[in-house]
Amino acid sequence: MLERVQSERTQSDRTMIEIRDITRSYGSFKALDNASLAIREGEFFSLLGPSGCGKTTLLRMIAGFDTPTSGSIAVDGQPMDGIPANRRPTNMVFQSYAIFPHLNVEQNVAYGLKRLKLDAGEEKRRAEEALAQVSLTGLGKRRATELSGGQRQRVALARALVMRPKVLLLDEPLSALDKKLREQMQVELRRLQQAVGITFVLVTHDQYEALAMSDRIAVMFGGRIAQVASPKEIYQRPVNRQVADFLGGMNFVKAEIVEENGASLVLDTLGFGRVRTDKPKAFVRNGGAATLGIRPERLRVLWDNATAKFEVAGKVVERHYFGEITHLIVEIPGLEKPLSVTETNDFGADDIPVGAPIRLGYDPEALVAMAD
Amino acid sequence: MTAIRRFLPGWLSSYAVLYLLFLYLPVIFLPIFSINTAATPKFPLSGVTLHWYEDLPRTPALIDATWNSLIVGVSASILSTVLGILAARSITRYRYPGRRAVNGLIMAPLVLPEVIVAISMLLVMLQLGLSLSLFTVVLGHVLVCIPYSMTVLTSGFEGFDRSLEEASADLGESAFGTFRRVTLPMVAPAIISSLLVCFTISLDEFIIAFFLTGTEATLPIYIWGQLRFAAKLPGVLALGTLLLFASFVLMTIAEILRRRAARRTQNEGGLYA
């Protein structure tokens, strides 16, 4: 029997980066609007959001390339106000990688070490160690222009890690790579972070990237932080429709609040009837209406005489084949929008005819209540 | 259609040959007649000699003119490149209202009639009470060189990824250190290229030098003076050949360097093997 275990983490509860009430205005436009955040030591933390949500601005402020209009940032207990980028205990991997084209790989990696005035042997040893960490041993003499995209990224990583920063900042580091390489680098980055134990702060607009790599994620919209939680919680318990929608597909069902108490909510819905769900921590009631959400993969097709404790019945109106999964659009009487259902193709979901009646089973725990 | 298509390639290549002849025939005549034993430039050549070249270093006025040209060329190229760096950096790096207008105004002397520019500069110099000398020639040459300097430098600076300088700061380097270790090495080829282009232009420039110089002649002015004597023509042709050769070499090096600079600043994200 397989046991479910929480993954073990090396991180402490100490705060490494304290972001307090940061606002950044450009005229009347606010790139960041009163954002506060505490990032823990040794944590792989992601800032996730669509372009223009302020995530890159926030990262650049931690690095010292941008100044908040108001608010403060502290790294490892030290206030960063007025401290320029070159004297901060942070290092950055740039989106363009910013590899110095007139230097070779080794010189790129040792660039920051030159300021430390180490003796030649020590400098070389540290540069080689950093190259080994990113599996580039032996490529030290290559010119920057002779590297592939993935290699350039590794050089950028080594160049930052060799400084032994307290915080490593990564600005969309994987966005320029093709899909396969990107997935490989996600695993490697995660492994590297666990090996070096440095706090990583990653900026990304790719929800799968954030889910796959992070200990915690902050989801941002319009300069505000919408939710900070573990990948699992963000995905399964999004605080609002915006967050739910940004992190993959979600079926939204209109609901009426019948009863509300400390820990749970009772909602009346059209397609799903009366349901009792956990009340989300950040739930703030806005009148009598709410939204009930369920992820497409949490609805499963009930074959033949199979039954489930909770089920809804309807009719298949569309079917889309995606190789390993099939995406069904199912009309449920009473629901204004049909439900999306994803089903793996091992039981023949790809053969369900359009127009066929269908029953869907679900676990009530998969239902998530969101404030309207 | 097919007839045209069959006819066109042959016609096109003869057109191309004529075109090149038109461009380079005068240039080819210069070295040919400079090794002619006879003083009159006429075919067939009466004999081949390097006599005219050997005579050049024995002409004191020519030596003086060469020195004057070198002084003016070096000063004008350094001055216009320094001014060009400032302008090119501002235009490629910052976005501000009037950026295009400024760029246009800096490039404009390129298309102004040189004789008009020369006369107006003469007027200005006289108004300022400056006596005509090599210094006034330098000022005039800076004016005509800046557009060329700008063209070379903006092509070298453009696409300079700002995150390179940020990366340097991020790795602990100071603003000056960043300039010395990143910015300068990256743009150095463009700067050298600009120096060479400006030097070449100054070396060959006649009209402005003619109007703005006092008693000291630069090489083109010396050549102009020599043309009055028919017997001096072969010497002028020899000198002209040398100038032509020098210009050609300098411009070639400048272009190679300019391309290298452009490649350096623009290869970010390129070459994904």
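Residues are numbered from 1 along each chain as its sequence is written, while chains are lettered from A and ligands numbered from 1 in the order in which they are written. Since the model is predicted, local features need pLDDT of at least 70 and side-chain atom pairs count only at pLDDT 80 or more, whereas totals for chains, interfaces and linings use all residues.

The model has an ipTM of 0.83 and a pTM of 0.78. Among the elements of chain A, the mean is highest in strand 3 (residues 44-48), at 97, and lowest in strand 20 (residues 368-371), at 85. Chain B has a mean pLDDT of 85, with 93% of its residues at 70 or more, and residues 268-273 of chain B stay under 50, a segment for which the model has 8 contacts beyond four places in sequence.

Chain A contains 8 helices and 20 strands, and its C-alpha atoms fill a box of roughly 75 × 45 × 45 Å along the principal axes. An automatic or database domain assignment divides chain A into domain 1 (15-236) and domain 2 (249-371), and the centres of these two domains, taken over C-alpha atoms, are separated by 38 Å. Of the contacts in chain A between residues at least 6 apart in sequence, 65% join residues at least 24 apart.

Strand 8 (residues 199-204) of chain A is mostly covered, with 6 of its 6 residues buried, that is, with 20 or more other C-beta atoms within 10 Å of their own, where 12 or fewer would count as exposed and values in between as partly exposed, the C-beta atoms being placed from the backbone. In a regular strand the side chains alternate between the two faces of the sheet. In strand 8 of chain A, A:Thr199, A:Val201 and A:Val203 are buried on one side, and A:Phe200, A:Leu202 and A:Thr204 are buried on the other.

Two parallel partners pair with this strand, pairing being defined by at least two DSSP bridges. Strand 3 of chain A is joined to strand 8 by 5 bridges, with A:Ser46 opposite A:Leu202. Strand 7 (residues 167-171) of chain A is likewise joined to strand 8 by 5 bridges, with A:Leu169 opposite A:Val201. From strand 7 the chain passes through helix 5 (residues 179-196) of chain A to strand 8 in a right-handed β-α-β crossover, meaning that, with the strands pointing away from the viewer, the path from the first strand over the helix to the second runs clockwise.

Technical notes:
pLDDT = per-residue confidence, 0-100. Helix = DSSP H or I, 4+ residues; strand = E, 2+ residues; numbered from the N terminus. Contact = placed C-beta atoms within 7 Å.
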